[in-house]
Amino acid sequence: MMKQKWIYSIKTMSITFALTSISSLSMAAIQGLHFSHKDWEIACDNTGTCRAAGYQSDSDMDRPVSMLLERAAGVNSNIKARVQIFPLTMATPTRQLQLQIANTAYGMIGLNREGIGQLSTDQTRALLKAVQGTAPVVFKNTQSRWNLSAAGASAVLLKMDEFQRRLSTPSALIRPGKKSDQAVLKAAAIPKIQIPKYQSGKVTQAKLNTAASQQIIRKLQVTTNEDQCDLLFSQNFMSDDVMTIYPINVQNQLVQIPCWRGAYNVGSGFWLMDQSRQLKQLVTTSGETFNKGQIFSGQKVRGLGDCVRQDQWAWNGKKFVKSFSSLTVQCKGFAGGAWNLPTYVSKVIYPAK
């Protein structure tokens, strides 16, 4: 049986993806990172922006709360802090929470309809200091209180400093020092992906047991293995499984075939081929859909469906390239995740109509 995809234990001490040589000062493209420790996690993307998210402890799961600390690369970048609570209870018509640290009140935070509020500069400064210690951080109104855990915050903020090359510099969040700021990571521009006009002709489907389909399947088998695309080799397809062929342009087409099934996820393989059915590119074996020049994938990290991994690839006229990636592993009661935590971002530009 195909192993379940994208399962991560929220009890794991630390999870790191796509680590780059952070100490390198080369001008190579920034590689994204995801790291999780205790009740906090962090994702840094290819522009150098990092987003750290903290949550309540497991003993407070009936009152989900999450704090997002976002900081762009660059010496003079500031921390932006937002809080999100669930469920949103209306104690007053103004949708407000009070921030309380170690029994000291730090003012009110206005919430929008989604239960998200922006912290002020002074509130952010106080919160950053608090989560590095043991002082309780509470958000409350007249009806309820939400307790933010500090467990794991120091490790996650240290990872932010490390990724952005701030260690021991004046702009570091953890243990700032006098080291020159010249080494601090500079922000990179968001990559732009221009999707050219592509042929939006008729999408065709074929049964997988035909001679023509089997000939294509044999070609595709050389691009992957059973661990990545079990169904391509076992051919344990369901009765309604089909090969779907999307026209891209005069020269190319995109082929989709089911690859694997897990307990609560499924994945399809997407291959770029020319009109003579010669293979040009294996894009992914964990895709879901194709629409308007992009392949989309969204996989549940847990059976509850509260955490997801998302990936996207865009057609640039020659091949499909990564256009987006994000991952959350500590959703803690927020369906789909409290925040968007990307490790790769881009600006996809669609053809003019």
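How many helices and strands are there in the chain? The chain has four helices and 23 strands. Helices (H or I, at least four residues) and strands (E, at least two) are DSSP runs, numbered from the N terminus. This is a predicted model: local features need pLDDT of at least 70, side-chain atom pairs count only at pLDDT 80 or more, and totals for chains, interfaces and linings use all residues. Residues are numbered from 1 along each chain as its sequence is written, and side-chain values use heavy atoms, with hydrogens and water left out.

**View 1. The whole chain.**
Of the 353 residues in the chain, 49% are buried. Buried means under 20% relative accessible area, exposed over 50%, and partly exposed in between (1.4 Å probe, protein chains only). Take the contacts with a separation of 6 or more: residues 24 or more positions apart account for 54% of them. A contact means heavy atoms within 4.5 Å. The chain exposes about 17,200 Å², and carbon and sulfur atoms supply 52% of that area. Accessible areas come from the Shrake-Rupley method with a 1.4 Å probe; for residues, only the protein chains shown count as cover.

**View 2. Helix α2 and its cover.**
Helix α2 spans residues 153-163. Its buried residues are Ala153, Val156, Leu157, Lys159, Met160, Asp161 and Phe163. What covers them includes β2 (33-37), β3 (40-44), β4 (50-55), β5 (65-71) and α1 (121-131). Just after α2 comes Arg165, with a positive phi of about 60 degrees.

**View 3. Strand β5 and its partners.**
Six of the seven residues of β5 are buried, so this strand is largely enclosed by the rest of the structure. β5 pairs with β4 in the antiparallel sense over six bridges. Two strands pair if DSSP finds at least two bridges between them. Ala53 stands opposite Leu68 in β5. Six bridges also join β5 to β6 (residues 80-85), and the two run antiparallel. Here Glu70 has Lys80 in β6 as its bridge partner.

**View 4. An open sheet of five strands.**
The strand order is β18-β19-β20-β21-β22, with antiparallel pairing. Which strands stand at the edges? They are β18 (289-291) and β22 (342-344); each has a single partner strand, so one side of each is left without a neighbour in the sheet. The twist averages 20 degrees from one strand to the next. Axes are lines fitted to C-alpha atoms, for helices over the stretch in contact, and angles run from 0 to 180 degrees between N-to-C directions.

**View 5. The β19 and β20 pair.**
Seven bridges link β19 (residues 294-300) and β20 (residues 308-315) in the antiparallel sense. Gly298 stands opposite Gln310 in β20.
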